[in-house]
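Please read the points below with the coordinates open beside you. They are arranged by topic, beginning with a single side-chain arrangement.

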Amino acid sequence: SLSPLPTASPPPLQSSPLPTLADLAIPCHAAGRPRAPFRRKVPTSPTASPESRRGLRLSDGRHGSSLPCCPGRPRYGLSILGFVRRRRRLCDRVRARRVRAGAEMKGVSAIPAVAIIPSPLFLWRVKVILFLLWGLCCCKIGWDSVMRMSVDLRDLFLYEAFLYYNPLLLVALMIWLWGVNLWVFAQSSVNYAKVFDLSQTHLSHREIWRCATWLTLVVPTSMTAYLYLYSHGEVSLAASQPVLLYAILLMILLSPFDMFYLSSRFFFLRTMWRIALPLQAITFPDFFMADIFTSMSKVFSDLERSGCRMVHRQVATIAWFEADSICGSHSVAIPLVLVLPYLCRFFQCLRQYKDTKEKTCLLNALKYSTAVPVIFLSALKYHVFPDVWISFYRPLWLISSVVNSLYSFYWDIKRDWDLSILTRIFMFKNPSAWSNLLYGRSWVC
């Protein structure tokens, strides 16, 4: 009889121990690093554990712990910190997958946040397009409003609107050009902050241009509203437009709160106070800003006439055009405001001569004094008879104007501009000469 073949009994099942913290940690070295010293080699056998089949055990030798060595993976070790980092990364990946899956279910593609941010060039083009559209809208509304007015009052009304908004537009243009100056100084490596005694928080040319942009937007918008409301019969609302504009700008300038560049506004107001009362030593910002004010004397005159009409409630009327009006061209305040910047600069030169004893300061003071006869002789036109003005005062006014113009032209070319320094700048490409041009001895007086 055939005996049954012997069957191989299955090997006894070995109970595997529960996983420990060492088994959960990511094993060991980064590729390319030398391995740590091995504690021992374990011979392989069919019943050996997977760790033993690898034939290697890594041990730190001090704490008695071991990890299987697997080249090519970063080592976190047995520390709790490594385990926490691994779990945190896994949670972040799972959360990102859930967010991406939710976006795909809703039909929205998961786009990175960096790709959504537009480029600065694109934003600049959008701003330019919006600015041009705004300008076209203001021109169209203003033109239609002017065409609705009667022909006999159109010229007078346009002159009045021009008087209210022209000085503010010129101020905006001055701020734009001041930003251009700062940009040129920065490109030429001129330390203008030290020259003008500016603080570390001074405005850059970009911030100056931002202020000029807002002023350029606000003033024409108010002027368009003024023309539109007046042409449609809303005289009281039209009269409130320039009043609100001037009041808001004055409140922003004098605001004591920490907004709208408080330090720069305080520096400007303090410099204006030093210009009005030159009782202390004259600094570079004092006479530099005073020189700017002498070029803007007509702006100050228009501001005085605009303020006078607002105070006496003559906005959006033609009462100012009457001969007995206190805000007309024959007002005594007009020549006083015109001559005020020249007088401030004149006293600055005298103060500078007292401190330095340089005769150049007296010659510069003489230049500013030649503007006084021109201003007051031109104001006499509204206070004397026409025959007397033509026969006597007009020739004096012409002579004083020629003397003032020639003297100022000579002083600008010879002393202020200093053609030798300009030649070095543009012909020999010497940027360091800008500092001498800004802070030279001819500018001190």
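1. Which residue lies over the face of Y353, and at what distance from the ring centre? The residue is K357, at 5.8 Å from the ring centre; a charge is taken to sit over a ring if NZ of Lys or CZ of Arg is within 6 Å of the ring centre and within 35 degrees of the ring normal.

2. A word on the basis of these remarks: this is a predicted model, in which local features need pLDDT of at least 70 and side-chain atom pairs count only at pLDDT 80 or more, while totals for chains, interfaces and linings use all residues. Residues are numbered from 1 along each chain as its sequence is written, and side-chain values use heavy atoms, with hydrogens and water left out.

3. Helix α5 covers residues 120-147, and at 1.5 Å a residue its 28 residues should span 40 Å, which agrees with the 41 Å between its end C-alpha atoms; the expected span is 1.5 Å times one less than the number of residues. Helices here are DSSP runs (H or I, at least four residues; strands are E, at least two), numbered from the N terminus. Within α5, C138, G142, S145 and V146 are buried, where buried means under 20% relative accessible area, exposed over 50% and partly exposed in between, with a 1.4 Å probe and protein chains only. Their cover includes α6 (151-187) and α8 (205-231).

4. UniProt, in an unreviewed entry, places the feature "transmembrane region" at residues 122-143, 163-186, 207-231 and 243-262; such annotations may be inferred rather than shown by experiment. In the model, residues 163-186 are 100% helix, with end C-alpha atoms 36 Å apart, and residues 207-231 are also 100% helix, with end C-alpha atoms 37 Å apart.

5. The largest nonpolar core has 34 residues, of which F196, Y226, L227 and V315 touch the most other members; such a core is a set of buried Ala, Val, Leu, Ile, Met, Phe, Trp, Tyr and Cys residues joined through side-chain atoms within 4.5 Å. Its largest share, 9 residues, comes from α6.

6. W178 and F196 form an edge-to-face aromatic pair, 5.6 Å centre to centre with 90 degrees between the planes; rings of Phe, Tyr and Trp (its six-membered ring) pair if their centres lie within 6.5 Å, and planes under 30 degrees apart count as stacked, over 60 as edge-to-face and the rest as tilted. Because W178 lies in helix α6 and F196 in the loop between α7 and α8, the pair ties together parts that are 18 residues apart in sequence. F196 counts as buried at 4% relative accessibility, whereas W178, at 22%, counts as partly exposed.

How values were computed
Contact means heavy atoms within 4.5 Å.
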